Amino acid sequence: MNKVWFVTGASKGFGRILVSQLLAQGYKVAATSRDAASLAEFSGNDFLPLTVSLTDENSVKSAIEKTISTFGKIDIVVNNAGYGQVGALEEVSDKDARENYNVNVFGLLNVIRQVMPHLREQRSGHIINIASVGGMLGGFPGWAIYCSTKFAVVGLTEGLREEIKEFGVKATVVLPGYFRTSFLGADLSVTESKYQSVKDSIQWHADLDGKQPGDPEKGVAAIIEMTKSEHPPLNFLIGKDAYELVPEKLTSIIDEIEEWKELTVNTVF
Amino acid sequence: MDNKKTWFVTGASKGLGLTLVKHLLAAGYPVAATSRNAAALTEAVGNHTNFLPLQVNLADDKSVAQAIQTTVDKFGHIDVAVNNAGYGIGGSIEELSDAETRTSFDINVFGTLNVIRNVLPFMRQQRSGHIINISSIAGITANTGWSIYAAAKYAVTGLTDVLAQDVKEFGIHVTLIAPGAFRTSFLTADSLVITDTPIADYTAIRASHAKYASMDGGQQGDPEKAAVAMIELVNMPEPPVYLLLGSDAYSRALSKLEQLNNAFKATASLTKSTDY
């Protein structure tokens with residue numbers, strides 16, 4: 001295996017498991033974290049730990065340059081860093097909303113902006129953005145800001161896929177359902193709510209923590225498997241819950257669109 | 001029709017926002033409308049006793065809070081808030097800087113959030129209201145050369161979807177409007193930012209942008225009819241969460257959503273292999 005992977009947010013969750021499986025399978029891996037010391041469990045010539053602030057474009061740029069000077073190229077980029085924010089929209093401050101966007105959207109864009117010159121030059125590569133089922137369905141009370149960041153990632157990946165196709169570079173957005181990581185635990189940013197539906201949602205998710213149906217080891221294995229395809233999908237769901245919830249939601253949107261068709265189509269000249 | 005409903009419309013000095021405000025005033029509704037430049041707004045709309053022009057920086061939470069308070073002070077309440085302000089941004093992700101990207105999100109996303117954050121306390125108290133977020137068909141299906149715009153509009157789609165459920169318990173309606181191509185100033189330099197650092201390699205983007213530019217003036221959508229549809233929407237007892245405007249939006253959204261559901265089937269076994 002001579003493929004070189006670049007993985008953000010690698011100190012925990014999906015990112016950490018991905019690095020572990022990739023190294024075990026003989027891939028070369030550059031991995032970022034806010035503090036490379038948190039990546040100390042990994043070592044060897046195939047591993048490059050990087051301290052990176054993803055919201056700082058210069059920091060991202062030097063991480064990508066260091067990866068290329070170490071391994072010669074980057075084949076697969078995984079934008080994995082991200083975190084959940086829950087709280088009623090009016091209760092989440094502008095500052096907290098922007099902070100969620102800083103990591104989940106603008107940091108991811110910094111990586112794409114800085115890696116694209118290299119991928120264009122080599123006329124190959126695959127950018128994988130980790131979103132969530134919350135990037136296609138909004139059925140999560142109190143998760144408006146988080147879902148909007150993930151919808152943004154779904155939308156930009158769809159645009160990206162078309163704009164880089166001519167260079168032989170691929171793009172995929174992964175939409176996991178509920179997986180047993182620290183996402184609903186220590187990593188979650190919670191804004192206390194006065195809304196009953198949001199309070200209930202926060203409690204429901206706290207109760208789910210530790211009991212999520214998705215196995216992150218298998219989720220990561222599925223992502224690695226997906227990258228071996230000649231024609232990887234644009235949108236890749238992982239988890240049985242994702243496979244049920246997303247199509248169900250899209251079908252309900254289709255039904256609503258049909259129900260209101262007359263009002264929709266009567267607005268043309 | 002309840003002629004007393006008070007409307008608050010952002011980005012009203014041109015395009016769909018301006019057309020909507022004119023229709024509302026002609027029909028006798030009280031209207032507060034925002035623009036970066038109040039003078040331009042007054043010039044475009046004219047003077048009406050029922051009209052409150054407001055100079056607002058939507059990216060600034062405090063400026064928005066003040067505008068909403070001024071509206072409530074003048075008209076007593078806000079029944080309908082229309083987040084209409086927004087602009088298109090074209091270029092590859094690589095060609096658009098972090099600053100250009102964030103500026104587009106300031107208006108297209110964070111401005112919308114600021115309005116919602118500040119108007120909801122009033123709507124919750126009155127146990128009624130309707131928030132309308134103007135997204136775009138680009139918030140449901142992305143086009144080549146408009147990735148950042150798609151990101152911002154998808155974001156609006158997502159937050160609207162969640163918000164609609166969250167405020168239902170207060171009797172507040174939320175609707176996402178996704179227009180197709182309407183004959184407004186949207187495709188002119190006035191409403192569009194195109195990268196000024198193009199990279200020659202991106203030929204698909206240049207071709208796509210040229211195609212869009214050639215459409216200007218020939219868009220199928222009639223903004224007057226869109227305004228009428230929006231007023232009709234607000235007077236419905238059970239308005240939809242998703243409302244497309246334009247036959248192009250209708251066919252593109254349907255084909256996209258059906259395509260997605262079919263594509264998921266192709267990877268079904270791998271998707272379903274990940275549970276404990």
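**View 1. Arg123(A), an exposed residue in a loop of chain A.** Arg123(A) has 10 C-beta neighbours inside 10 Å and therefore counts as exposed. The cut-off for that class is 12 or fewer. The model shown here and in the views that follow is predicted. The loop that holds Arg123(A) runs between helix H3 (94-122) and strand E6 (125-130) of chain A. Phi of Arg123(A) is near 55°. That is a positive value in a residue other than glycine.

**View 2. Arg127(B), in a loop of chain B.** Is Arg127(B) buried or exposed? Arg127(B) counts as exposed, because 10 C-beta neighbours lie inside 10 Å.

**View 3. The open sheet of chain A.** Seven strands pair in parallel. Their order is E3-E2-E1-E4-E6-E7-E9. Which strands stand at the edges? They are strand E3 (47-51) and strand E9 (235-238) of chain A. Each has a single partner strand, so one side of each is left without a neighbour in the sheet. From one strand to the next, the twist averages 20°. Strands of a sheet pair through backbone hydrogen bonds, in either a parallel or an antiparallel sense.

**View 4. The E9 edge of the chain A sheet, with helix H7(A).** Strand E7 (residues 169-176) of chain A pairs with E9(A) in the parallel sense. Four bridges join the two. At one of the pairings, Val174(A) has Phe236(A) of E9(A) as its bridge partner. Helix H7 (residues 240-259) of chain A lies across both E7 and E9 of chain A. H7(A) runs at about 125° to E9(A).

**View 5. Strand E4 of chain B, covered on both faces.** The strand spans residues 80-83. Val80(B) and Val82(B) are buried on one side. Ala81(B) and Asn83(B) are buried on the other. Strand E1 (residues 7-9) of chain B pairs with E4(B) in the parallel sense, over three bridges. There, Trp7(B) stands opposite Val80(B). E4(B) also runs parallel to E6(B), with four bridges joining them. In that pairing Asn83(B) stands opposite Asn133(B).

**View 6. Where chain A meets chain B.** Contacts involve 78 residues of chain A and 76 residues of chain B. Several elements of chain A give two or more residues to the side that touches chain B. Among them are H3, helix H5 (196-208), helix H6 (216-227), E9, H7 and helix H8 (261-265). Which element gives the largest share? H4(A) does, with 16 residues. Helix H4(A) covers residues 144-164. The side of chain A that touches chain B divides into 43 nonpolar, 17 polar and 18 charged residues.

**View 7. Helix H7 of chain B and its buried face.** The helix has twelve residues, 223-234. At 1.5 Å a residue, the helix should span 16 Å. The end C-alpha atoms are 17 Å apart, which agrees. Pro223(B), Ala226(B), Ala227(B), Ala229(B), Met230(B), Leu233(B) and Val234(B) are buried. Why do the buried residues of H7(B) line one face? Seen down the axis, they fall within an arc of 160°, so one face holds them. Their cover includes H8 of chain A. From chain B it includes helix H1 (15-26), E4, E6, strand E7 (172-179) and strand E9 (242-245).

Conventions: Residues are numbered from 1 along each chain as its sequence is written. Chains are lettered from A and ligands numbered from 1 in the order in which they are written. This is a predicted model: local features need pLDDT of at least 70, side-chain atom pairs count only at pLDDT 80 or more; totals for chains, interfaces and linings use all residues. A residue is buried if 20 or more other C-beta atoms lie within 10 Å of its own, exposed if 12 or fewer, and partly exposed in between; C-beta atoms are placed from the backbone. Two strands pair if DSSP finds at least two bridges between them. Axes are lines fitted to C-alpha atoms, for helices over the stretch in contact, and angles run from 0 to 180 degrees between N-to-C directions. Two residues are in contact if their C-beta atoms, placed from the backbone, lie within 7 Å. Ala, Val, Leu, Ile, Met, Phe, Trp, Tyr, Cys and Pro count as nonpolar, Asp, Glu, Lys and Arg as charged, and the others, Gly among them, as polar. The expected span of a helix is 1.5 Å times one less than its number of residues. The arc is that of the directions from the helix axis to the C-beta atoms.
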